[in-house]
Amino acid sequence: MNIVTESHISGRPVGEKPRARPVRMVRWFIIIGSLLALLVGALVGFNAFRSKMIAQFFANNKPPPSTVTVAQAKSEVVPNLMTAQGDLANYKAQATGAALALDRAKQLAARQFGPQSTVDAAQATYDQANAGIAKTEAIISQKLVRAPFDGELGVRHVEVGQYLTAGTQIVTLTDLSVLYANFTVPEKGSAALQVGQTVRVAVDAYPGRTFEGKINAIEPQIAADTRNIRVQATLANPDKILKPGMFATITVVLPDKPPVVTVPETAVDYTLYGDSVFLITEKNENDGKTSLTAVRTFVRTGNRVQGRAEILSGLKDGDRVVAVGQLKLQSGAAVTISTDPAPPIPANPPRY
C-alpha cells in the first residue's frame, strides 16, 4: 500500500481551501521554555541561599580571641649609623683571651699536666694578637694629621668622610701669638736697615693705634723690577687682634739724626723750578717803625714727617716763614702777622 505524506505534497489542488496549522506544537514549546526558566531560577536561588547559609554559619562560629602584646607607634628620629672597622678592639680582645690561655697552659705544664706544645701554641696565639694590635695602631697613626705647632683652626676645606691624597689642603692653622710683617723699602734706604731695628705698624682695623715689632730678616738682593728690598719684622700679638693678611702701614725707626731745621709742610711751595718759602724779613723805616716783608726764598727740602718738612739749606733756626696765605703773595710784598694760630697738623696727612 502506498502512503503519501504531507511533506511530499508540493501543492494543493486548485480551488481547495488551506487547512489551519496545528497549535499543539506551539504549546509544547511554551511549556518546555517555562519549565527551563523555573529550573534555572531554582538553581540560582539555591546557590544564593547556600552562600548565605555558609556565611551565616561562619559568622556564628568565630574562634575564641588570642592573647597578644601591643605597642604604640610614635614618631622619632632614627639614628643613621654605619658600623666602623673594629680591628683594634678585636685584636685586643684576642690578646686578652690568648694571655689567659697562655697563663693556664704554663700552670698545667709546670705541674706536668700538659705538654709543652700547648704552651708554645698559646704563646704563638698571644704573639699574633699583639702583632695585630701593633699593625692596627700603625694604620690608625697614619690617618692622624698632626701639626708641628699649636694654633687656631680656620674653616675646614674638606668634608667628613672624604678621601684625602697627599698635599690636599684640609684646614688653615694659624699661630697668632707672633706675626710676621713683610714690607719693602726703596733701594736708597737699604743702607740704613739693620736687623733688630724697631718698626711701628698701623692697621686700618684699629685707627690711632700703633704696634711695635723688630726687624728679623733683610733680603740680601734688590728686586730687579722694582728696585726695592724686602724686609721682614716680627710682631708680638698677645691679644690676638692682628690677623694675617691685614693691610698695614709700617715705619722703620732709624737712629736719631742731628737736629735739622723744619717748617710746616703748608709753608713750602713745591714747583718745577724748585722748592721755596716766603721768608719774613724786617725793615726799619725812617719814622722808627718796623715793617715786615715776605721774600721768596728757595730752599732744599728733605723728608716730611708728621706734617713738617725738613729744610736742609736756605733757612736757619729762628727764621719766620709764611705758613698760610702765601698763594696771594709776591716776593717783597708787605705783610702783617695774624694773631690766629697756625693750622693743626692733619691726623692723616697725605703721603707722597
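Select Ile 218 and look across to β6: the bridge partner there is Val 231. Strands here are DSSP runs of E with at least two residues, numbered from the N terminus. This is a predicted model, where local features need pLDDT of at least 70, side-chain atom pairs count only at pLDDT 80 or more, and totals for chains, interfaces and linings use all residues. Residues are numbered from 1 along each chain as its sequence is written, and side-chain values use heavy atoms, with hydrogens and water left out.

**The hairpin**

Now select Ala 217. In β6, Gln 232 is the bridge partner of Ala 217. Two strands count as paired if DSSP finds at least two bridges between them. Together β5 and β6 make a hairpin, with five residues between them.

Stop at Arg 227, in the loop between β5 and β6. Phi of Arg 227 is positive, near 60°, and the residue is not a glycine. Is Arg 227 buried, exposed or partly exposed? Arg 227 is partly exposed, with a relative accessible area of 41%. The scale runs like this: buried is under 20% relative accessible area, exposed is over 50%, and partly exposed lies in between (1.4 Å probe, protein chains only).

Ile 229, Val 231, Ala 233 and Leu 235 form the covered face. Asn 228, Arg 230, Gln 232, Thr 234 and Ala 236 form the uncovered one.

Nine bridges join β3 to β6, and the two run antiparallel. Select Leu 179 and find Leu 235 opposite, in β6.

**The whole sheet**

Show all the strands of this sheet. Which order do the five strands take? The order is β3-β6-β5-β4-β7, in an open sheet with antiparallel pairing. Go to the edges, β3 (178-186) and β7 (248-252): each has a single partner strand, so one side of each is left without a neighbour in the sheet. Neighbouring strands are turned by 35° against each other on average, direction ignored. The axes behind that angle are lines fitted to C-alpha atoms, and angles run from 0 to 180 degrees between N-to-C directions.

**Thr 198**

Select Thr 198 in strand β4. The side chain of Thr 198 makes a polar contact with the side chain of Lys 214, at 2.8 Å. Such a contact is a pair of N or O atoms within 3.5 Å; within protein, one must be able to donate a hydrogen and the other to accept it, and residues adjacent in sequence count only if both atoms are side-chain atoms.

**The cores**

Select Phe 183, Leu 193, Val 199 and Leu 242. They have the most contacts inside the largest nonpolar core, which has 18 residues. A nonpolar core is a set of buried Ala, Val, Leu, Ile, Met, Phe, Trp, Tyr and Cys residues joined through side-chain atoms within 4.5 Å. The elements giving two or more residues to this core are β3, β4 (198-203), β5 and β6.

Last, move to another core, which lies apart and has ten residues, among them Val 268, Val 277, Ala 309 and Val 321.

Methods:
Helix = DSSP H or I, 4+ residues; strand = E, 2+ residues; numbered from the N terminus.
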